[in-house]
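Keep the structure open beside you and look up each spot as you go.

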Amino acid sequence: MGVAHGATNFEELPLAADSPTGHSAPHPASRPAPEAAARAGKQAAGLAEERVDHRFKALPPDAEGLTVGALAAERRNLFTGGFTTPVLALSAESVEHNLALLETYAERHGLTFAPHGKTSMSPQLFADQLKRGAWGITAAVPHQARVYRAYGIGRIFLANELVDPVALRWLAGEMSADPEFRFICYVDSVRGVELMDQALSAAGATRPLDVVVELGAGEGARTGARTEADCAAVADAVAAAGSLRLVGVAGYEGEVPDADPERVREWLRRLVALAAGFDGAGRFAGADGIVISAGGSAWFDAVADVFAEIGELSLPVLKLLRSGAYVSHDDGHYKHLTPFNRVPEEGALEPAFRLWAQVVSRPSGEQAFLNAGKRDAAYDLDLPEAQVVRSARDGSVRPAAGITVTGLSDQHTWVRTEAGAELEVGDWVGMGLSHPCTSFDKWQLIPLVEADGTVGDYIRTFF
């Protein structure tokens with residue numbers, strides 16, 4: 001993902017000969033070192049050696065004992081190749097489209113990209129994102145960071161304050177063992193800084209941990225120091241901690257109360273002003289660059305607009321976007337919230353998930369039941385949406401006209417059918433899903449399906 005206009009890779013940046021502060025003019029795109037993307041890709045490729053067995057839902061029973069790679073090489077058809085229902089499928093074309101769109105969007109707006117890996121927890125998709133120029137991958141909790149490291153991720157942004165001494169001891173070991181490993185995390189309290197410093201010092205950390213002060217999105221919002229004075233107190237605590245280094249500021253605009261474009265931009269300008277104020281006070285003196293990070297999947301257009309206003313600071317600025325749901329998008333929550341609805345000229349994401357379930361009961365003309373339920377489908381934000389029906393008689397596909405999902409049990413989908421709706425026992429119903437994060441985490445191995453139904457690969461997840 002090429003990135004321009006001030007975003008940069010701190011480790012590789014030469015000082016400008018004509019600048020007394022060492023700050024250079026806008027720099028060329030900052031991409032991960034090719035070897036970093038290659039390493040992640042090689043690690044992810046090893047997943048093809050895993051054996052197919054009962055652990056993985058919906059895979060063909062006659063594939064038992066094959067490696068995932070061998071099964072993928074057979075290029076079976078999702079509908080005729082022995083898969084059982086329910087089965088979750090990812091559109092290969094839509095995933096590729098979405099990866100390319102966010103790459104070009106970030107490049108166009110001068111943003112560096114560290115997509116949130118909690119969405120998919122898939123090393124294969126991480127490798128694809130790195131190949132598309134992602135600076136690194138964002139995590140939320142220590143387990144996710146451990147998965148990332150197991151699959152070769154060299155730069156991790158943890159969007160949380162990390163105070164678990166066991167996790168900090170592990171992190172200190174990772175940083176000592178790999179001098180090239182870059183890890184950045186939030187701090188939002190003086191007490192948190194104290195706990196981090198104690199744990200890292202006790203673990204014998206050999207280099208400081210880079211941290212960014214999290215500015216809360218407002219009273220009653222989620223995490224983060226609530227006021228600029230609170231942020232300054234946290235920064236003072238970092239300066240007094242021998243095992244930490246302050247490198248920037250960050251936050252999550254998606255938690256702005258009663259969010260609208262004006263309120264979100266107002267908070268983002270507070271974040272940028274906080275970074276400028278810290279810089280003017282010399283709080284980043286020990287850093288080699290300044291990180292300013294925000295960006296969920298609902299307001300990255302506002303992030304792009306406000307980050308474009310960032311003025312010259314004393315060090316190069318890493319404008320770090322963290323949106324993660326884009327990789328699969330959805331047919332519900334993010335379909336309505338995506339910034340591309342506000343800026344259609346920038347493109348459009350494509351929903352990549354489709355859950356296929358089979359009609360197992362048709363007790364009346366107004367009711368039917370499918371064999372997928374809460375164990376298989378995301379339901380925390382919206383119910384699945386019936387989109388198409390594949391006939392069990394002849395394999396033809398038609399729109400799911402007059403067919404509505406009304407509820408989910410553990411293993412059943414409740415369906416209401418209008419008069420005249422075509423649906424019979426044995427038919428397959430393809431459903432769109434809402435909320436990518438809780439769709440990925442119900443499936444350990446997901447067929448990556450081409451437009452004609454051919455399964456060309458399988459996406460492994462680690463939740």
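1. Let's start with a pair of helices: H5 crosses H6 in a left-handed way. This is a predicted model, by the way, so read every value here as computed from a prediction. Helix H5 covers residues 142-150 and helix H6 covers residues 165-177. Their axes are 11 Å apart, and the packing angle is about 25°. An angle under 35 degrees counts as roughly parallel, and therefore H5 and H6 are roughly parallel to each other.

2. Which residues of H5 and H6 make the contact? On the H5 side you'll find Pro142, Ala145, Arg146 and Arg149. On the H6 side, look for Ala167, Trp170 and Glu174. Sorted by class, the contact of H5 with H6 has four nonpolar residues, three charged ones and no polar ones.

3. Now go on to helix H8 (residues 228-240) and helix H9 (residues 261-280). Here the axes are 11 Å apart and the angle is about 45°. That angle makes H8 oblique to H9. As for handedness, H8 passes H9 in a right-handed crossing.

4. The H8 part of that contact consists of Glu228, Cys231, Ala232 and Ala235, while H9 brings in Arg270, Leu274 and Phe278. By class, the contact of H8 with H9 has five nonpolar residues and two charged ones, with no polar residue.

5. How many disulfides does the count come to? The count is zero. Cysteine 185 is in no disulfide, and the nearest cysteine sulfur, in cysteine 231, is 15 Å away. For scale, the cut-off for a disulfide is sulfur atoms within 2.5 Å.

6. Are these cysteines buried or exposed? Cysteine 185 counts as buried because its relative accessibility is 0%. Cysteine 231 is also at 0% relative accessibility, so it counts as buried.

7. Next, have a look at serine 439, which sits in helix H12 (residues 437-440). Is serine 439 buried or exposed? It has a relative accessible area of 1%, so serine 439 is buried. Setting aside neighbours within four places in sequence, serine 439 is in contact with Leu88, Phe353, Ala378, Leu433 and Ser434.

8. Methionine 121 has a phi near 45°, a positive value in a residue other than glycine. You'll find methionine 121 in the loop between strand S2 (112-113) and helix H4 (123-131). Methionine 121 counts as buried because its relative accessibility is 1%.

9. The other one is histidine 329, whose phi is positive at about 55° although it is not a glycine. Histidine 329 lies in the loop between strand S9 (317-321) and helix H11 (333-337). With a relative accessible area of 4%, histidine 329 is buried.

10. Please look at the peptide bond joining threonine 85 and proline 86 too: it is cis, with omega at about 0°. Proline 86 belongs to the loop between helix H2 (68-74) and strand S1 (87-91).

11. Finally, let's compare sequence distance with distance in space. Arginine 108, in helix H3 (residues 92-108), is 238 residues from glutamate 346 in sequence, yet their C-alpha atoms are 9.7 Å apart. Arginine 108 counts as partly exposed because its relative accessibility is 44%.

12. How many residues apart in sequence are aspartate 128 and alanine 44? They are 84 residues apart in sequence, and 9.8 Å apart from C-alpha to C-alpha. Aspartate 128 lies in helix H4, and at 28% relative accessibility it counts as partly exposed.

Key. Residues numbered from 1 in each chain as written. Predicted model: local features only at pLDDT ≥ 70, side-chain atom pairs only at ≥ 80, totals over all residues. Heavy atoms only, no water. Helix = DSSP H or I, 4+ residues; strand = E, 2+ residues; numbered from the N terminus. Buried < 20%, exposed > 50% of the residue type's maximum accessible area, 1.4 Å probe, protein only. Contact = heavy atoms within 4.5 Å. Axes fitted to C-alpha atoms, helices over the stretch in contact; angles between N-to-C directions. Parallel < 35°, antiparallel > 145°, perpendicular 65-115°, else oblique. Left-handed = near helix turned anticlockwise from the far one by under 90°. Nonpolar A, V, L, I, M, F, W, Y, C, P; charged D, E, K, R; others polar.
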